[in-house]
Amino acid sequence: PVSIKKLLIPNISFPATLNSVLLAQNHQEIEFEICDTDINGLIDLRSLDYALNGAGIDTILYPNLWGHTVDWDHFQLVAKFFNQDMFVIEDAAQSFGAYYKDQPSGSLGDVSVLSFDPTKNLPNYGSGGMILTDELEFAEVFMNYRDNGKLRDHNIAGTNSKMSESDCAQMLVKLQYFDAWQKRRTEIAEYYINELYQYVDIVLPNENVTSAWHKFIIRTSHRHNLQSYLARHGVETRIHYQQGLVDLPVLGSTNYVWTTDQFRESDAFVKECLSLPIYPELTDSEVEHVIEAVRGYL
């Protein structure tokens with residue numbers, strides 16, 4: 001339903017963001033640009049105008065990482081300034097349950113996508129996801145594509161991309177507990193912030209954002225030693241993500257060209273970020289143990 005000519009994505013994201021662009025190039029001629037991120041790992045709105053100026057971008061695909069969202073008002077202001085018809089795809093895989101002001105993530109784009117991966121806030125035991133849009137034309141195309149083109153008498157080469165009914169039924173049950181799970185995530189995040197802000201840099205949501213707290217990210221130049229120390233004290237951590245999209249081998253098969261100083265902030269972020277445990281089942285004593293372990297090193 002939309003003819004994309006040139007698309008913009010940020011440098012920090014799960015590789016699926018880049019893969020979706022590269023796979024789409026198999027079906028139509030799409031150019032793409034990759035822009036830097038801000039100190040919190042989200043698409044850098046301060047430099048977005050430089051990325052868009054004269055570049056001919058007509059589509060932006062941006063992920064709301066960590067459960068945070070972008071400053072949606074600022075984002076729209078910049079994007080629409082350069083192209084009134086700018087098409088926006090919101091990757092809400094990590095931000096289901098988040099809000100910008102009173103607007104829920106999942107509605108911050110012409111099309112938004114959710115993930116029900118087992119690691120997400122609303123998880124499925126297998127995998128799967130959802131596409132959200134207010135445009136009936138888009139919805140019909142997506143429904144047709146997911147079911148081998150049956151909706152339009154097999155007029156396209158679609159896929160068999162559907163979740164099982166048993167998985168969907170289980171997720172409907174989980175929805176009854178989702179608000180309580182989100183409340184617990186927020187309680188843990190706020191306690192982390194209160195107890196750790198004097199010791200380490202914390203990746204916080206923007207003003208007017210109610211985070212889903214999919215991940216709790218700290219930044220430190222001592223990441224390797226801190227991670228090793230925490231592991232010895234029974235605290236498992238993760239690094240999301242260890243490199244930017246421009247450093248993935250799959251990009252080597254394209255003609256994409258960039259300069260070494262083009263992604264200065266995202267390069268610093270991936271070298272310093274560390275994810276602390278955050279999920280609803282964490283007990284108060286376990287949260288205290290994480291805090292004591294981080295303090296014990298720093």
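In the predicted model, three strands are arranged as an open sheet in the order E6-E5-E10, with antiparallel pairing. The antiparallel pairing of strand E5 (residues 99–100) with E6 runs over two bridges. Tyrosine 100 has glutamine 103 of E6 as its bridge partner.

Tyr99 also belongs to the surroundings of an open space in the model, the second largest pocket. This pocket has a volume of about 170 Å³. Its lining comprises 13 residues, of which Gly97, Tyr99, Phe178, Asp179 and Gln182 are the closest to the pocket centre. Helix H5 makes the greatest contribution to this lining, supplying five residues. By class, the lining of the second largest pocket consists of five nonpolar, six polar and two charged residues.

One cavity of 30 Å³ or more was counted. The volume of the largest cavity is about 60 Å³. Its lining is formed by Ala92, Ala93, Gln94, Ser95 and Phe96, together with Leu114, Ser115 and Phe116, and by Lys120, Asn121 and Leu122. Six of these lining residues are nonpolar, four are polar and one is charged.

The largest nonpolar core contains 34 residues, and those with the most contacts inside it are Trp66, Tyr192, Leu196, Phe216, Ile218, Leu230 and Leu276. At least two residues of this core come from each of helix H5 (165–196), strand E11 (216–219), helix H6 (223–232), helix H7 (264–272), strand E12 (273–276) and helix H8 (284–297). When neighbours within four places in sequence are set aside, leucine 276 is in contact with Tyr192, Leu196, Phe216, Ile218 and Leu230, and also with Thr237, Val290 and Val294.

Isoleucine 60 is classed as buried because its relative accessibility is 0%, against a cut-off of under 20%. With residues up to four places away in sequence excluded, isoleucine 60 touches Leu8, Ile43, Leu52, Phe75, Ala79, Met86, Phe87, Val88 and Ile89. The C-alpha atom of isoleucine 60 is separated by 32 Å from that of valine 200, which is 140 residues away along the chain.

Particular backbone geometries were found in loops. The loop between H4 and H5 includes asparagine 148 and aspartate 153. Asparagine 148 has phi near 55 degrees, a positive value in a residue other than glycine. Aspartate 153, likewise not a glycine, has a positive phi of about 55 degrees. With a relative accessible area of 31%, asparagine 148 is partly exposed, whereas aspartate 153 is exposed, with a relative accessible area of 64%. In the loop between H6 and H7 lies tyrosine 241. The peptide bond leading from histidine 240 to tyrosine 241 is cis, and its omega is near 5 degrees.

Technical notes
Residues numbered from 1 in each chain as written. Predicted model: local features only at pLDDT ≥ 70, side-chain atom pairs only at ≥ 80, totals over all residues. Heavy atoms only, no water. 1 Å grid on protein atoms, 1.4 Å probe; cavity = no way out; pocket = protein on both sides within 12 Å on 5 of 7 lines; lining within 4 Å. Points joined across faces, edges and corners; volume = space filled by probe spheres on them. Nonpolar A, V, L, I, M, F, W, Y, C, P; charged D, E, K, R; others polar. Core = buried A, V, L, I, M, F, W, Y, C linked by side-chain atoms within 4.5 Å. Buried < 20%, exposed > 50% of the residue type's maximum accessible area, 1.4 Å probe, protein only. Helix = DSSP H or I, 4+ residues; strand = E, 2+ residues; numbered from the N terminus. Contact = heavy atoms within 4.5 Å. Pairing = 2+ DSSP bridges.
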